[in-house]
Amino acid sequence: KRLVERSSGVFGKSGTGKSFLTRVLLAGVISKQMAVSLIFDMHNDYGWQATSENNQNVKGLAQLFRDRVTMITLDNESSIRRGSRPDFVVRLSYRDIQPEDIAMLKATMSLSDAMIDAAYTLRKRWGEDWIARLLKGDPDDVDDITADTSIMGGTLAALQRRLERFERWDFMTPEPVDDSVSKIINLLVNERKSVVLEFGRYGSALEAYILVANYITRRIHEH
C-alpha cells in the first residue's frame with residue numbers, strides 16, 4: 001500500500017534486471033489489487049511474454065492476470081510477430097495533437113521557440129486540421145500565414161520538415177479515428193484494469209514515445 005502512494009524508480013545499468021524487478025513489483029500491485037497501472041512498454045517487456053537473462057520465456061502481466069490486465073499496441077504487426085495478443089490497436093489522428101504536445105518534443109525534434117510559437121498560431125488560425133494543412137504545404141496557405149502573421153517562411157518550412165516524420169508512423173493518421181484514449185480511461189477508471197501499451201518498433205523512436213506518452217497522460221489529467 002505504501003509503495004503505490006509514492007513515486008518510485010528502479011535504476012541500474014543495462015542488463016542488471018531492471019525490467020524483471022519492475023515486472024515483479026507491478027505483479028504484486030496487481031495481485032494485491034492496490035492500484036491499476038498504465039504501463040508504457042517501450043521495449044515490449046511487460047505485456048504478453050519476455051525473455052529472462054538465461055534466455056527462458058517468462059510470462060508477462062497479461063498472461064499472469066488475464067482478467068485484470070488489458071494489452072494494447074501501437075504496432076500490431078510487431079505484436080503478432082512476437083506472439084502477443086493485443087486487445088486493440090492505438091491510433092492517433094493529427095487532429096488530436098495540440099501545440100502543447102509538440103512543445104514536449106522540443107529537445108528530441110530540435111524545435112526552436114519560433115517553431116513552437118508557430119504551432120500555436122497555426123492551431124489558432126486553422127483549427128484541428130493545422131497539422132494536415134501544414135504537411136500538405138499548399139502555397140496559398142503558406143503565403144497567407146507569412147503575410148498575415150509574424151511567422152517567417154523559413155520557420156514554417158522547418159516546422160513542416162520536423163513534423164513530416166508523423167507521415168512515417170503508421171499509428172498516426174490524418175483521418176479521424178476512434179478515440180483510443182477514451183477506451184484506455186474507461187479500462188483504468190471504470191473497469192479497474194491495468195493497461196500495457198506496447199510500442200513495438202516505435203520503442204526505439206524517442207520522439208514517438210514522448211509524443212504518445214505525453215498525449216495520453218495529458219488526456220487522463222484533463223479527464
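**Helix H9.** I looked up the burial pattern of helix H9, residues 180-190, in this predicted model. I found Ser180, Val181, Ile184, Ile185, Leu187 and Leu188 to be buried. These residues lie on the same side of H9, because they cover an arc of only 160° around the axis. I then asked what covers the buried residues of H9. The cover includes strands S1 (38-41), S4 (69-73), S5 (88-89) and S8 (194-198), together with helix H10 (206-222).

**Ends of H9.** At the start of the helix, I noted a side-chain oxygen of Asp179 within 3.2 Å of the backbone nitrogen of Val181. Just after H9, I recorded a positive phi of about 55° for Arg192.

**H5 against H8.** I next examined how helix H5 (residues 113-126) packs with helix H8 (residues 153-163). Their axes are 9 Å apart and meet the description of an angle of about 85°, so H5 is roughly perpendicular to H8. From H5, the contact is made by Ala114, Met115, Ala118, Ala119 and Leu122; from H8, Thr155, Leu156, Ala158, Leu159 and Arg162 take part. Sorted by class, I have 8 nonpolar, 1 polar and 1 charged residues in this contact.

**Ala118.** Is Ala118 buried or exposed? Ala118 counts as buried because its relative accessibility is 1%, against a cut-off of under 20%. Leaving aside residues up to four places away in sequence, I found that Ala118 touches Ile151, Thr155 and Leu159. I also checked Ser150, which is 32 residues from Ala118 along the chain; the C-alpha atoms of Ala118 and Ser150 are separated by 8.8 Å.

Methods: Residues are numbered from 1 along each chain as its sequence is written. This is a predicted model: local features need pLDDT of at least 70, side-chain atom pairs count only at pLDDT 80 or more; totals for chains, interfaces and linings use all residues. Side-chain values use heavy atoms; hydrogens and water are left out. Buried means under 20% relative accessible area, exposed over 50%, partly exposed in between (1.4 Å probe, protein chains only). Helices (H or I, at least four residues) and strands (E, at least two) are DSSP runs, numbered from the N terminus. The arc is that of the directions from the helix axis to the C-beta atoms. Contact means heavy atoms within 4.5 Å. A polar contact is a pair of N or O atoms within 3.5 Å; within protein, one must be able to donate a hydrogen and the other to accept it, and residues adjacent in sequence count only if both atoms are side-chain atoms. Axes are lines fitted to C-alpha atoms, for helices over the stretch in contact, and angles run from 0 to 180 degrees between N-to-C directions. Angles under 35 degrees count as roughly parallel, over 145 as roughly antiparallel, 65 to 115 as roughly perpendicular and the rest as oblique. Ala, Val, Leu, Ile, Met, Phe, Trp, Tyr, Cys and Pro count as nonpolar, Asp, Glu, Lys and Arg as charged, and the others, Gly among them, as polar.
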